[in-house]
Amino acid sequence: NPNPDPNPNPNPNPNQESQLQRSGLPPAALQQVWSLADRDGDGQLDLQEYLLACHLATRHLKHRLPPPH
């Protein structure tokens, strides 16, 4: 394969963004959570990054803690 996939852990779910949007986070917080979780900066979340995003979203929603800076 001349063009190997640069991301060895592709998105576990192509609808991650919409699932996070349904979390009820305000758009600014959602953007911050995504940016923090996207550790490699590729604009996509692998499984570990997605789980981190879910954790940050839950932390914000259940405990009213802002996403870390």
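**Exercise 1.** In this predicted model, the buried residues of H2 pack against H1 and H3. Work out which residues of H2 are buried and how they are arranged around the helix axis.

*Solution.*
Step 1. Apply the cut-off: a residue is buried if its relative accessible area is under 20%. In H2, Ala29, Leu30, Val33, Trp34 and Ala37 are buried.
Step 2. Look down the axis of H2: the buried residues fall within an arc of 135 degrees, so they line one face of the helix.
Step 3. Recall the helix geometry. An α-helix has 3.6 residues a turn, so residues three or four places apart point the same way.
Step 4. Turn to the other side of H2, where Pro27, Ala28 and Gln31 are exposed.

**Exercise 2.** Locate aspartate 46 and find what lies around its side chain.

*Solution.*
Step 1. Aspartate 46 is in the loop between H2 and helix H3 (47-63).
Step 2. Aspartate 46 is buried, yet has no salt bridge. A salt bridge would need a distance within 4 Å, whereas arginine 39, the nearest side chain of opposite charge, is 9.0 Å away.
Step 3. A polar atom of the aspartate 46 side chain lies 3.1 Å from the backbone nitrogen of glutamine 48.

**Exercise 3.** State where confidence in the chain is lowest and highest among the helices, and how the chain scores as a whole.

*Solution.*
Step 1. The mean pLDDT of the chain is 78, and 71% of its residues reach 70 or more.
Step 2. Over residues 1-12 the pLDDT is below 50. Beyond near neighbours in sequence, this stretch has 13 contacts in the model.
Step 3. Among the helices, H1 (residues 16-21) has the lowest mean, 78, and H2 (residues 27-37) the highest, 91.

Conventions. Residues are numbered from 1 along each chain as its sequence is written. This is a predicted model: local features need pLDDT of at least 70, side-chain atom pairs count only at pLDDT 80 or more; totals for chains, interfaces and linings use all residues. Side-chain values use heavy atoms; hydrogens and water are left out. pLDDT is the predictor's confidence in each residue, from 0 to 100. Helices (H or I, at least four residues) and strands (E, at least two) are DSSP runs, numbered from the N terminus. Contact means heavy atoms within 4.5 Å. Buried means under 20% relative accessible area, exposed over 50%, partly exposed in between (1.4 Å probe, protein chains only). Lys and Arg count as positive and Asp and Glu as negative; His and the chain ends are not counted. A polar contact is a pair of N or O atoms within 3.5 Å; within protein, one must be able to donate a hydrogen and the other to accept it, and residues adjacent in sequence count only if both atoms are side-chain atoms. The arc is that of the directions from the helix axis to the C-beta atoms.
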